[in-house]
Structures are given as C-alpha cells and as structure tokens.
Amino acid sequence: MASNSNSSKIEKLASIDAHLWLLVPAKVSEDDKLVEYDALLLDRFLDILQDLHGEDLKEIVQECYEPSDEYERKNNPEKLEELGNVLTSLDPGDSIVVAKAFSHMLNLANLAEEVQIAYRRKTKLKKGDFGDENSATTELY
C-alpha cells in the first residue's frame with residue numbers, strides 16, 4: 001500500500017525530479033544488468049520528459065544529445081557547430097528545459113556509475129579481493 005501511496009504522490013507532482021526518484025534502485029543485486037543501467041535510465045528519463053513537456057521537446061533533447069555525444073567522443077568541431085545551431089534556434093523557455101534535461105541526464109549517468117562502483121565493490125568484498133574493507137571504498141574498478 002505504501003508503494004501505491006508513494007506513486008500517487010509522485011504522479012501529482014509535475015516535476016522531473018519527482019519522477020526521477022522512481023528510477024533509483026532500492027538495492028544493488030547480482031541480477032542487475034549494470035552495463036545497460038545507464039541506457040535504461042536515459043530511456044526512462046526521455047519518456048518522463050515527453051510526458052511532462054511533449055514529444056517535440058523530447059525530440060529536441062535527442063537532437064542535441066547526438067551531436068554533443070559525438071563531439072565528446074570524436075572532438076568533431078562540425079558536431080559542436082551543429083549543436084550550437086540547434087540551441088540558438090530554441091526559444092528561451094525551451095532552452096531552459098533542454099539545459100535542465102542535460103543536467104538531469106548527467107546526474108543519471110553519475111547515478112549509474114555509482115551503482116556500478118557499489119556493485120563491483122560488493123563483489124570484490126565477497127571474493128576477498130581487498131586487503132581490508134577500508135581500501136574498498138577507494139577502489140573504482
């Protein structure tokens with residue numbers, strides 16, 4: 001019952017932040033597909049964005065994400081120019097939502113990374129791969 005109560009409270013809130021709380025895993029388990037977790041969060045986030053702001057805004061965010069991702073990976077100046085053209089064509093309200101969307105997407109990527117680190121740490125502790133538990137807190141991979 002608490003779950004239904006929680007869901008109805010969140011449904012009443014029209015903010016992306018409220019919806020993102022639903023994406024946080026209750027616990028990390030061996031069954032988690034950690035490699036796919038980041039993509040899962042991004043897909044769910046884009047669904048939430050569409051629900052709250054419409055399909056057009058979701059498409060704009062996707063239109064911005066692709067060249068920014070390619071610019072980051074390949075340092076292609078043409079992609080940066082393409083991104084700039086899309087961003088400068090937006091009205092101020094949409095540009096604020098797009099900026100917030102990218103902020104949320106970075107937070108979700110960080111969350112997925114933290115889940116992966118916690119899982120790896122837990123796995124290494126179970127296997128005894130650390131000399132002591134204190135060293136496990138700084139181990140990333």
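Modeller: A residue counts as buried when its relative accessible area is under 20%. The model shown here is predicted.

Biologist: What share of the residues of the chain counts as buried?

Modeller: The secondary structure of the chain comprises seven helices and zero strands. The chain has 141 residues, and the share of them that counts as buried is 28%.

Biologist: Which residue forms a salt bridge with Asp-47, and is that partner buried or exposed?

Modeller: Asp-47 pairs with Lys-58, the closest N and O atoms being 3.8 Å apart. The pair links distant parts of the chain, with Asp-47 in helix 3 and Lys-58 in helix 4, eleven residues apart. Asp-47 is partly exposed at 34% relative accessibility.

Biologist: How many residues apart are Arg-73 and Asp-69 in helix 4?

Modeller: Arg-73 and Asp-69 form a salt bridge whose closest N and O atoms are 3.2 Å apart. Arg-73 is exposed at 54% relative accessibility, whereas Asp-69 is partly exposed at 23%. About one helical turn separates the two, because they are apart in helix 4 by four residues.

Biologist: To which residue's backbone nitrogen does the side chain of Asn-76 reach?

Modeller: Asn-76 lies in the loop between helix 4 (55-74) and helix 5 (77-88). Beyond its neighbours within four places in sequence, Asn-76 is in contact with Glu-70 and Tyr-71. At 2.9 Å, the side chain of Asn-76 reaches the backbone nitrogen of Glu-78.

Terms used:
Residues are numbered from 1 along each chain as its sequence is written. This is a predicted model: local features need pLDDT of at least 70, side-chain atom pairs count only at pLDDT 80 or more; totals for chains, interfaces and linings use all residues. Side-chain values use heavy atoms; hydrogens and water are left out. Buried means under 20% relative accessible area, exposed over 50%, partly exposed in between (1.4 Å probe, protein chains only). A polar contact is a pair of N or O atoms within 3.5 Å; within protein, one must be able to donate a hydrogen and the other to accept it, and residues adjacent in sequence count only if both atoms are side-chain atoms. Contact means heavy atoms within 4.5 Å. A salt bridge is a side-chain nitrogen of Lys or Arg within 4 Å of a carboxyl oxygen of Asp or Glu.
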